[in-house]
Amino acid sequence: MTNREPVKRGAERQRPPVENASTESAVPASKGAAKHKIDLASQSKSWLRHHKSTARESLLRLLLTPLPSLMTLAVLAIALALPGLMFVGLKNIHQLSGEWQGDPRISLYLQKTLPVEEVDRFSQKMLLRTDLAAVELVTKEQGLHEFQRISGFSDVLEFLDKNPLPAVVVVQPLDNQKASLVKLQQQLSELPEVEEAVLDMVWVERLASFVQLANRLVLVLGALLALSVLLVVGNTIRLSIESRKDEIQVAKLVGATDAWVKRPFIYTGFWFGLIGSAIAWLCVQVSLLLINTPVGDLAALYQTDFELQGLGFIDSLSLIGVGILLGLFGARLAVGRHLREIEPQ
Amino acid sequence: MIKFENVSKRYPEGHDALRDVDFTLKRGEMAFLTGHSGAGKSTLLKLIMLMARPTRGQVSIADQNLAQFSRDDIPYHRRRIGVVFQNHQLLFDRTVFDNVALPLHISGYDEDDIGKRVRAALDKVGLLHKEKLNPITLSTGEQQRIGIARAIVHKPQVLLADEPTGNLDPALSEEIMRLFMEFNLHGTTVLIATHDLALVSRMPYRNLQLDQGRLIHD
C-alpha cells in the first residue's frame, strides 16, 4: 500500500484513460509511463495546489462552525496544557533540587565534654584540610540560642541548668560524589573529638526519589491525556466525515482516490492539533504568569533567589509539535476506520 | 467499448440481480437499457462503475477486463466514465459551478482549464447563466441538467445514465434525451437505463431489455 503512494501522487492528475485497445491484458496501474513523464511537473504542481487549497478549506470549515470547533479546541487545549504545566513544574523542581544538591554538608557533633579551646582547635584543624570547601563552627551557646529562637521552647530551656547541646562543626566537602561523601563522613566520624558525623544526604535522596516519582506520574498522566486528545480529534473527525457523507460518495463516484478523499480530514486534524496546542501554550504561559509573583514571595521567604522557569523556546515548540502529531494521528485513525465504509450506493 | 460476457450477479442475501447477461456496445454507440424496476438495470450500471463486482462472467470496458482492477485502480477507471443519476446527487453546499467542477478538481486540472471546461459544459446544457447559484434554488429539470453537465465536463469515453428522466415531464424528458444524442454524435458511448418505454420507442436506438436479471430483448 504505502510504496504505491508516490506513484499515485504523481498520477493524480490523470492516470491516462486506458485507450490502447491492442494491449488487452494491461493493468491501468502500470501503464502510460511516457505520458506520466511529460506531465510530471504539472502533476506535482496540481498535487501541491490541492494540498494548499485543502489546507485552506479545512481551516475555513473550522472557522465557519466556531462554536463546535471552539468546544473541541478547548478540550484539546486543556488536555495539552495539563501535561505542559506538570512538565514546567517538574522542570522547576529539577532546578531546585539541582541547586541544593550542589552543596551537601556534613555536620560533626563534637563530644559534649570537649572544652571550648579544644573545639576551637578542632575547627581550625578542619579549616586546614584540603578536601573541605568551607567550615563553620556552631558553638554550644550559638546552638542553644538558635534553638531557642527557632523552636520557641525558650521557656522550657530556662529550666535546664546545663546546656544540653553539643558544639557542631558544619563542613562542606569539595568532592560532591556520593561515594566520596560517604567515605569522608566515615573518616570524620572516626576522629576522637567527633561524637557523630551526619551527612545531610538523606533529604537530598528523598527529594531525588520524589522527583523521580513525579517524573513517572507526569509521564503516565501525559500519556493518558495524549490518548484523550487522540480520541477527541478522532471523534470530531468521525462526525465531520459523517456529515460530509454525500460529498464523499459523489467524489468517489467521479473518480476521487482514497488519498484525495482523506486529505481534508487529515488537514482538519492538523489544524485542531496546531490551534489546540497553541491555546494550550497560551494557557501554560498565563498560568505561570499568575503564579510567578507568589512563587517569588515564597522564594524570598526562604532567602533563595529561585526564579520560576517558563516553557522556553524548545519546549514550546515540542508542545506544539506533539499537539500537531496527535491531531494528525487522531485524524488518521478516524479516517482509516470510517472512510472505507462510505462507498457510493 | 462495453462488453458483458455471461455476467451474473447474486447479492449476498441470495437475490439474483443479473443472470447470464451477454452483450457488446461498440465505441460511439448509444443504447437504452429498459425493464421494470428491479430488473437489474442499476446493477448492470454498477458493474460498469465497479461499484459492484460480478459473481460470474466478465465485464470489459475498452477491451480491459474489469476483474483486473484493484481497489486502488477504481478511481482512475471511474474518471473515464460519466454518470447521471435520477436523484442527480448534487451537493447543496456549493454553487452550480463548483458542483460541475468537482470531477476536474479530483482529476487535478489547472484552475484556468477548469473554468473553461465547466463553462463549456454548462453552456451545452443551457445553464451557463446559473453558474453562481446554489443548485437547491433550481427546478428539478435544471438540477438534472447540472448533473449531466457534471457527468460530461471531463469528456468521458462512456456516459451512463440511470433513470435520467425519472422525475421529469415528457417535454423535459425529450430535451434531456436530445442532449444525450448530441453527446453521442460527438463520439461518446452512451448507455441510458430507463423505464420510459414510450420515449424509447420514439428513438432510433438499440434497446437492451432486462427482465428479472435476464436480457430478453436486444
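Predicted model: local features only at pLDDT ≥ 70, side-chain atom pairs only at ≥ 80, totals over all residues.
Figure 1. How many residues of β3 (residues 30-34) of chain B are buried? Five of its five residues are, and the strand is mostly covered. B:Met30, B:Phe32 and B:Thr34 point one way from the strand, while B:Ala31 and B:Leu33 point the other way; all are buried. Four bridges join β3 (B) to strand β8 (residues 189-193) of chain B, and the two run parallel. Here B:Met30 stands opposite B:Val190. Strand β9 (residues 206-211) of chain B also pairs with β3 (B) in the parallel sense, over four bridges. To find this second pairing, look for B:Leu33, which stands opposite B:Leu208.

**Figure 2. The largest nonpolar core, and another apart from it.** Nonpolar side chains tend to be buried together in soluble globular proteins. The largest nonpolar core in this model has 66 residues, and B:Leu33, B:Val100, B:Ala149 and B:Leu160 touch the most other members. Helix α3 (residues 96-107) of chain B gives the most to this core, with six residues. Apart from this core lies another, of 31 residues, among them A:Leu80, A:Leu230, A:Ile324 and A:Ala334. Beyond its neighbours within four places in sequence, B:Leu160 is in contact with B:Leu45, B:Ile48, B:Ile81, B:Val83 and B:Leu191.

**Figure 3. Chain B as the setting for these views.** Seven helices and ten strands make up the secondary structure of chain B. How does its radius of gyration fit with a compact globule? A compact globule of 218 residues would have a radius of gyration near 17 Å, and chain B has 17 Å, so the two agree. Along the principal axes, the C-alpha atoms of chain B fill a box of roughly 45 × 40 × 35 Å. Of its 218 residues, 46% count as buried. Among contacts in chain B with a separation of 6 or more, 71% are between residues 24 or more positions apart.

**Figure 4. Helix α11 of chain A from end to end.** Helix α11 of chain A covers residues 312-338. Its 27 residues, at 1.5 Å a residue, should span 39 Å, and its end C-alpha atoms are 39 Å apart, so expectation and model agree.

**Figure 5. A:Ile320, on helix α11 of chain A.** A:Ile320 has its place in helix α11 of chain A. Is A:Ile320 buried or partly exposed? With 19 C-beta neighbours inside 10 Å, A:Ile320 counts as partly exposed, because 20 or more would be needed for a buried residue. Leaving aside neighbours within four places in sequence, A:Ile320 is in contact with A:Leu274, A:Ser277, A:Ala278 and A:Trp281. A:Ser277 is 43 residues from A:Ile320 in sequence, yet their C-alpha atoms are 5.0 Å apart.

**Figure 6. A:Gly273, on helix α10 of chain A.** A:Gly273 is found in helix α10 (residues 258-301) of chain A. A:Gly273 counts as buried because it has 26 C-beta neighbours inside 10 Å. Not counting residues up to four places away in sequence, A:Gly273 touches A:Gly323, A:Ile324, A:Leu325, A:Leu326, A:Gly327 and A:Leu328. Its C-alpha atom is separated by 9.7 Å from that of A:Leu80, which lies 193 residues away along the chain.

**Figure 7. The two domains of chain A.** Chain A is divided into domain 1 (51-99 + 206-338) and domain 2 (105-200). The centres of these domains, taken over C-alpha atoms, are separated by 53 Å. The secondary structure of chain A includes eleven helices and four strands, and 25% of its 345 residues count as buried.

Definitions and conventions:
Residues numbered from 1 in each chain as written. Chains lettered and ligands numbered in written order. Buried ≥ 20, exposed ≤ 12 C-beta atoms within 10 Å, placed from the backbone. Expected span 1.5 Å × (residues − 1). Rg over C-alpha atoms; globule rule 2.2 N^0.38 Å. Contact = placed C-beta atoms within 7 Å. Core = buried A, V, L, I, M, F, W, Y, C linked by C-beta atoms within 7 Å. Domains from an automatic or database assignment. Pairing = 2+ DSSP bridges.
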